Amino acid sequence: MDYSHLSVVLDLSPAQWQECSTDQESALSLSSFLSQLLAFLNAHIALRDENTLAVFAALPGKSTMLYSSIDPPEQPPDMDSNSYPPFKLLDSAVISSIASNLDSPSDLPSALVGALTKALCYINRLSLGHSALADPRILILSVSPDLATSYIPIMNSIFSAQKLKITIDACQIFGPDTVFLQQAAHLTGGSYLHLNRRDALLQYLIMAFLPPPSIRKILAVPTQDRIDFRAACFCHKNIIDIGFVCSVCLSIFCQPVPVCSTCRTKFPIKTLKRLNASRPPAESNSARPSPASTPLSRPTSASQNGTNGSKH
C-alpha cells in the first residue's frame with residue numbers, strides 16, 4: 001500500500017533563533033516554534049497509519065537525525081494511559097535530542113546542506129527497501145540567510161532530489177528570502193514560503209505543507225510569484241546578477257578569467273579583452289531589472305554575458 005514519507009530539516013542556529021525571538025515585528029522563540037512544529041509532525045503521522053517521518057537537525061557545524069518513525073526510540077519512562085504513544089514518543093525524542101545537541105553553541109553556520117544530504121540518503125535507502133514509497137518529500141524550516149559557499153553542494157542536492165523524484169518544500173521563518181531555497185523548491189516542484197506572521201506558523205505548516213504532492217494538485221497551495229535565479233560565482237562565492245560562464249564545464253565567475261579554475265581551460269586574450277570591454281558600469285547594476293523578471297541569454301562562446309543560475 002502506498003504511503004507518504006516526510007523528512008523535516010530544522011535549522012537550529014542559536015544565533016539566528018536569538019534574533020528571531022527578539023524581533024520587534026513578529027517575535028518567535030525557539031520553544032514556541034518547537035511546540036507548533038510538534039503539532040504539525042503529529043498531524044502528519046495521524047493522517048495515515050502507514051505514513052513515515054524523519055526529523056533532521058542542521059546545527060552549527062554539524063547535522064544529525066533527531067527522530068525516525070522506522071526506528072523509533074524506546075518507550076519513555078513517563079508514558080501514561082492519557083497520552084497517545086506515537087505522539088509521546090515523537091515529542092520526547094525530538095525535544096531530548098535537540099536539548100542534548102544545543103548544549104554547546106557555536107559561531108559556525110548551521111550545516112543545512114549536510115542535513116539535506118542526510119535526508120536525501122535516508123529517503124533513497126527507504127525507497128530501496130519499500131517499493132511502494134509514494135510522495136517522498138523534504139521540508140526545510142530555515143532561519144538563516146544564504147551561505148554563498150554552499151551553492152555548489154546545495155545545487156548537487158537539488159539535482160539528486162530531481163533524479164529521485166523527491167519534492168523539496170522550504171519555509172523561511174526569519175530573515176530575508178533565500179535564493180537557494182527558492183530554487184530548490186521551484187526545481188523539484190515544491191512550495192516556498194516566506195513568513196510574514198510567525199505567530200501563525202502552525203497554520204502555514206498545515207495549510208501549505210501537510211498535504212502530499214499528489215493532493216496539492218487539487219488544492220490552492222501558495223506559489224512563488226517571482227523566483228530569484230541568481231547563482232554564486234565559483235571564484236569569490238558571491239551571489240551575482242551577471243556572470244561569465246565557462247563553455248566547457250559551465251563554471252560561473254563574476255569576472256572574465258584567463259584560466260577556468262575548475263577544468264583548467266584557457267581562454268583567448270582577445271576574448272577576455274572583448275568581455276571586459278562589454279562589462280556594464282558598476283553604478284548601473286542597481287538600476288538593472290532583477291534576473292527573475294529578465295532572463296539572461298545562454299552562453300555561446302568561451303564565456304558570455306551572464307547566467308540566470310539555472311544552467312542545468
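**A walk through the model**

Guide: Let's start with C20, which counts as buried because its relative accessibility is 0%. Keep in mind that this is a predicted model.

Visitor: Where is C20 found?
Guide: C20 is found in helix 1.

Visitor: And what is C20 in contact with, leaving aside its neighbours within four places in sequence?
Guide: C20 is in contact with S26, A27, L28, F174 and R198.

Visitor: How many residues apart along the chain are C20 and G175?
Guide: They are 155 residues apart along the chain. Their C-alpha atoms are separated by 8.2 Å.

Visitor: Let's zoom out. How many helices and strands are there in the protein?
Guide: The protein has 9 helices and 10 strands.

Visitor: What share of the residues counts as buried?
Guide: The protein has 312 residues, and 47% of them count as buried.

Visitor: What about contacts with a separation of 6 or more? Which share comes from residues 24 or more positions apart?
Guide: Those residues account for 68% of such contacts.

Visitor: New topic: rings. How many aromatic pairs does a search of the whole structure find?
Guide: The search finds 4 aromatic pairs. Take W17 and F33: their ring centres are 4.7 Å apart and their planes sit at 40°, so this pair is tilted.

Visitor: Why does the pair tie together parts that are apart in sequence?
Guide: W17 lies in helix 1, residues 14–21, while F33 lies in helix 2, residues 30–47, so the pair ties together parts 16 residues apart in sequence.

Visitor: Is W17 buried or exposed?
Guide: W17 is buried, because its relative accessible area is 5% and the cut-off for buried is under 20%. F33 counts as buried too, at 1% relative accessibility.

Visitor: What follows helix 6?
Guide: G189 follows helix 6, and its phi is positive, near 80°.

Visitor: Which residues other than glycine have a positive phi?
Guide: K165 is one of them, with phi near 60°. R264 is another residue that is not a glycine, and its positive phi is about 65°.

Visitor: Where is K165, and is it buried or exposed?
Guide: K165 sits in the loop between helix 5 and strand 5. K165 is exposed, because its relative accessible area is 70% and exposed means over 50%.

Visitor: And where is R264 found?
Guide: R264 is in the loop between strand 10 (252–253) and helix 9 (269–278). At 57% relative accessibility, R264 counts as exposed.

Visitor: Back to strand 5. Which residue is found in it?
Guide: Q172 is one of the residues in strand 5, which covers residues 167–172. Q172 is buried, with a relative accessible area of 0%.

Visitor: What is Q172 in contact with, leaving aside its neighbours within four places in sequence?
Guide: Its contacts include S142, V143, S144, T178 and L181. Y192, L193, H194 and L195 are also among them.

Visitor: Last topic: how many cavities of 30 Å³ or more does the structure hold?
Guide: The structure holds 1 such cavity. The largest cavity has a volume of about 30 Å³.

Visitor: Which residues line the largest cavity?
Guide: A148, T149, Y151, I152, A232, C233, F234 and K237 line it. The lining divides into 6 nonpolar residues, 1 polar and 1 charged.

Conventions: Residues are numbered from 1 along each chain as its sequence is written. This is a predicted model: local features need pLDDT of at least 70, side-chain atom pairs count only at pLDDT 80 or more; totals for chains, interfaces and linings use all residues. Side-chain values use heavy atoms; hydrogens and water are left out. Rings of Phe, Tyr and Trp (its six-membered ring) pair if their centres lie within 6.5 Å; planes under 30 degrees apart count as stacked, over 60 as edge-to-face and the rest as tilted. Helices (H or I, at least four residues) and strands (E, at least two) are DSSP runs, numbered from the N terminus. Buried means under 20% relative accessible area, exposed over 50%, partly exposed in between (1.4 Å probe, protein chains only). Contact means heavy atoms within 4.5 Å. On a 1 Å grid over the protein atoms alone, a cavity is a set of points where a 1.4 Å probe fits but cannot get out, and a pocket is an open set with protein on both sides within 12 Å along at least five of seven lines; lining residues have an atom within 4 Å of a point. Grid points are joined across faces, edges and corners, and a volume is the space filled by probe spheres set on the points. Ala, Val, Leu, Ile, Met, Phe, Trp, Tyr, Cys and Pro count as nonpolar, Asp, Glu, Lys and Arg as charged, and the others, Gly among them, as polar.
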